[in-house]
Amino acid sequence: MEQQSKQKEEVKSIDELRSAWNAFAPVFAEYWSFNTSVPAYALAVQLQLGSAKRVLEIGCGAGVGTDVALVLTGKDTVYVATDLAPDFLEFAKKRLAGRPNLEFGLANAEELPYPNASFDRYIANFVLHLTPSPAQMLKEARRVLDVGGMAGFSVWGEPAHSAKYTVAHDAAVAVGLTPAGAGKRNAFHLKDKAALKQMALDAGFSRAIVWNSVNALPMHSAEALVDREFEGPGLKSMLSTLSPEQLQQYRSAAIQIAQAKIDKDGIIDYDTVYLLVWV
């Protein structure tokens, strides 16, 4: 996996991302939204949302992370939850219907539809590593934040501590298949904490701190993990090209790798890098 992360790879456009996440929304909302809750809570605590006046969330997805963050906001805090994908936004609206001081909006993180200095908090959980230009996303975050404002980001961390994200790739390599997403930019590309901090400072933030944390996926069955991974849009496209024999071989290899991880560490892990910045 480390070899893959060092390659120069094609980057999805905003339109391609929107299409992919719209397609993935039903599966993600049902099976994977909980994966965002622990990092969302960590960011919300660090951002001290209880004292915030206006919070902008980028990439709210199905609203699970939003739900977690809203617990920590003040009674007068206005929270604006946005997503690039309309289908995801509909899931969030259904989940969070009736919440006070909550607004929704479609938004491209690299070209936000909000005025300068219109928020004092900004939260983007597992988004920065997906957008075509993380540097531009950081600049836009800086633009919409008022003086004294804070922003928090989370991205994928070390592949060696992220079995949740690497099982499918490693199993494909093990059985001689071309992994899904080959030739595309790897989602671990922002795992270098020093480089990520510098990118934030270059975007105009006055201070930045970076740390990481290894989290445990609340899924304890290798078969369940692989079945859910195989529902992802990228993998489904790849799987459709395989013969029944290849598919069975691939699935068996993935289950074996996931089970070995569970036997060794007791968990399916995913490393998260956090970035906290100040205007």
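Helices (H or I, at least four residues) and strands (E, at least two) are DSSP runs, numbered from the N terminus. By this definition, Thr272 belongs to strand 7, which covers residues 269-278. The structure is a predicted model, in which local features need pLDDT of at least 70 and side-chain atom pairs count only at pLDDT 80 or more, while totals for chains, interfaces and linings use all residues. Residues are numbered from 1 along each chain as its sequence is written, and side-chain values use heavy atoms, with hydrogens and water left out.

Thr272 has a relative accessible area of 0% and is therefore buried (buried means under 20% relative accessible area, exposed over 50%, partly exposed in between, with a 1.4 Å probe and protein chains only). Its side chain makes a polar contact of 3.3 Å with the side chain of Asn215. A polar contact is a pair of N or O atoms within 3.5 Å; within protein, one must be able to donate a hydrogen and the other to accept it, and residues adjacent in sequence count only if both atoms are side-chain atoms. When neighbours within four places in sequence are left aside, the residues in contact with Thr272 (heavy atoms within 4.5 Å) include Pro39, Phe126, Ser154, Trp211 and Asn215.

In strand 1 (residues 54-58), 4 of the 5 residues are buried, and the strand is mostly covered. It runs parallel to strand 2 (residues 78-83), to which 4 bridges join it, and Arg54 stands opposite Val78 in strand 2. Two strands pair if DSSP finds at least two bridges between them. Together with helix 4 (residues 64-70), strand 1 and strand 2 make a right-handed β-α-β unit; right-handed means that, with the strands pointing away from the viewer, the path from the first strand over the helix to the second runs clockwise. Strand 1 also pairs with strand 4 in the parallel sense, over 4 bridges, with Leu56 opposite Tyr122 in strand 4.

Two loop residues other than glycine have positive phi values. Ala117, in the loop between strand 3 (102-106) and strand 4 (119-125), has a phi near 55°. Phe126, in the loop between strand 4 and helix 6, has a phi near 60°. Ala117 is partly exposed, with a relative accessible area of 39%, whereas Phe126 counts as buried at 12% relative accessibility.

Helix 6 (residues 134-144) contains Pro134, which counts as buried because its relative accessibility is 7%. Not counting residues up to four places away in sequence, Pro134 touches Leu128, Arg185, His189, Leu190 and Met199. Pro134 and Leu190 are 56 residues apart along the chain, and their C-alpha atoms are separated by 8.9 Å.
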